[in-house]
Amino acid sequence: MQRNLSEELRRIYNCSPDELFLHTARYERLVTLYRSRFSGQNPAFIVRAPGRVNLIGEHTDYNGYPVMPMTIDRDVVFILGPRTDSTIDTTNESLSFERRTFNARLPVPPFEQGDWGNYVKAAVHGILEADWIDAKKAAGFQAVVGGTIPESAGLSSSSALVVASALAFLTANGKEIKREPLAELLARAERYVGSEGGGMDQAVSLLAETGKALKIDFFPLRTQPTSLPKNLSFVVCNSLIRAPKSESIRYAYNRRVIECRLATALVAKAVKECSGKDLHPTRLADLSGEKLGLEQRTIDKIVAQAIGEKPLSLKEISHHLGETTEAVQKRLCTLRDGSMLTEPPEGFKIWNRYKHVVTEAHRVELAVGAFAAGDGSAVGDLMNQSHASCRDDYEISCPELEALVSIGRELGALGARLTGAGFGGCTVNAVPSNQVARFVEGVTAAYYHGYVRQEKERRFTSYANLHDVIFVCRATTGAGAWPSRGDR
Ligand code: GLA
């Protein structure tokens, strides 16, 4: 039997009647907008994909190591109708995003860099290329898109848009695909926008469960819903420093991906020289202690001795690998669009990146135990260690995130860390549930009404509502599509 809109939304958001009323009003508003933008037609489907906050396991996903995010109750919603032709016509609720139309046929050339329509194209292009829908016959769709995930804030608004676009395209074509392969495909498909991201965001958006965090392992993708410690809340605080993955932080993000690729090659070489094992790893996790049958400490020692702890130039790396710089550049520094990552003037920081990834992977495994034991203080300690490693070895923090993390800890967070790609965006704070109100008040006074107002020369984004910049995470169900019954 079909559920009506409120029933569907109650299942998704698992919230109070008051909140349910607001959620329902939002969807009804989008349906009305659909009618007004598409000459009175009724929509046929509703699609929704949530954003996420990563609790621990930062920059481990593309290295093949696990992560532990949870969804938030902010999401991207498509109100849509299939079309008889191949046009995809998306109009955004917010007027700051212009209407975007394109043809669901290969090739799918991108819009200008940074354009929101590229995330829709990424999904469509990925699905057509994988031949999941016949590229010659695919039907397009028309949709009104509404979003409540703060943008460029490390909460995965872009991946939620990719996931929602994919579900919209599949639904319009009457096609159902299993969640795991879809998440894996979309992780690759999102690279269309130019950043070499891993698979965390798409996987959690598709596979999350209400009220739970999700431990995710990769290659192949496996997920394990994880209960949150009772009486512990996770509070997100936005630093108000924009970190757009497709724009300014693209180089910084891709640089780390390449540094890890270089690390993989260097570690394999060092292990081979030491143990005679001929290895052909694709990513760092292929060289874990478990995979090699060695103690992690032993591997770390081999690596430190072979490559040292100082940054390495491309020439030095090539020398270690016994290859020409051109060969190394071509094999390991090429990005998806075929361009080469330029060598950073201070060299590639192989040892630091390696150290972060390996220790962070271990922290995720420890966090699984701490969550299972309901040990909030152990969870908090691991989050604090993760932050230090992100700041010192992965170098993805910034002064505003540091201020926000210190404020969080001073106000009683058991753990506070940056979340997502970094370079701005949000912190996530583990706060005893009975102290959340005091915590939110304290951070508001110290950061939003204090630091942000004092540091006038910095480029903070503006906000309309405090609830959009500081809020408690509530994990909703994963993304889904359902028929719209002309909800009004
Ligand atoms: C971005 C990427 C993810 C992941 C995080 C860092 O959100 O999309 O795949 O790498 O950064 O953990």
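Let's start at the ligand: one of its oxygen atoms sits 2.5 Å from an N or O atom in the side chain of D61. What you see is a predicted model, where local features need pLDDT of at least 70, side-chain atom pairs count only at pLDDT 80 or more, and totals for chains, interfaces and linings use all residues. Residues are numbered from 1 along each chain as its sequence is written, and side-chain values use heavy atoms, with hydrogens and water left out.

An N or O atom in the side chain of R52 is 3.0 Å from an oxygen atom of the ligand. From the backbone, an N or O atom of G198 is 2.9 Å from a ligand oxygen. The ligand on its own has 310 Å² of accessible area, and the protein covers 98% of that. Those areas come from the Shrake-Rupley method with a 1.4 Å probe, and for residues only the protein chains shown count as cover.

How many residues surround the ligand? There are 13, and the closest are E58, H59, D61, D201 and Y253. Sorted by class, the shell holds 4 nonpolar, 4 polar and 5 charged residues. Here Ala, Val, Leu, Ile, Met, Phe, Trp, Tyr, Cys and Pro count as nonpolar, Asp, Glu, Lys and Arg as charged, and the others, Gly among them, as polar.

Now let me stay with R52 for a moment. R52 belongs to strand β1. A word on those labels: helices (H or I, at least four residues) and strands (E, at least two) are DSSP runs, numbered from the N terminus. Is R52 buried or exposed? R52 counts as buried because its relative accessibility is 4%. For these words, buried means under 20% relative accessible area, exposed over 50%, and partly exposed in between, with a 1.4 Å probe and protein chains only.

The side chain of R52 also makes a polar contact of 2.9 Å with the side chain of D201. A polar contact is a pair of N or O atoms within 3.5 Å; within protein, one must be able to donate a hydrogen and the other to accept it, and residues adjacent in sequence count only if both atoms are side-chain atoms. Neighbours within four places in sequence aside, the contacts of R52 include P69, G154, M200, D201, V204 and G420. Contact here means heavy atoms within 4.5 Å.

Besides D201, the buried residues include M200, Q202 and L207. What do the buried residues of α6 pack against? Their partners are β1 (45-56), β2 (68-82), α4 (157-172), α5 (179-189), β6 (212-217) and β7 (222-227).

Let's zoom out. The domain assignment gives domain 1 (5-228 + 475-483), domain 2 (249-352) and domain 3 (373-472). The bounds come from an automatic or database domain assignment.

Next, A367, in helix α12 (residues 350-372). With a relative accessible area of 2%, A367 is buried. A367 and M68 are 299 residues apart along the chain, with 8.5 Å between their C-alpha atoms. Leaving out neighbours within four places in sequence, A367 is in contact with I56, M68 and L382.

For a contrasting pair, take L411, in the loop between α14 (399-410) and β9 (415-419). L411 and D392 are 19 residues apart along the chain, and 23 Å separates their C-alpha atoms.

Finally, some backbone details. Which residues are joined by a cis peptide bond with omega of about -5 degrees? That bond joins L106 and P107, and P107 is in the loop between β4 (100-103) and α3 (117-129). Another cis peptide bond joins F219 and P220, with omega of about 0 degrees; P220 is in the loop between β6 and β7.

N14 is not a glycine, yet its phi is positive, about 45 degrees. N14 counts as exposed, at 54% relative accessibility. L240, also not a glycine, has a positive phi of about 70 degrees, but L240 is buried, with a relative accessible area of 2%.

Technical notes:
Near = heavy atom within 4 Å.
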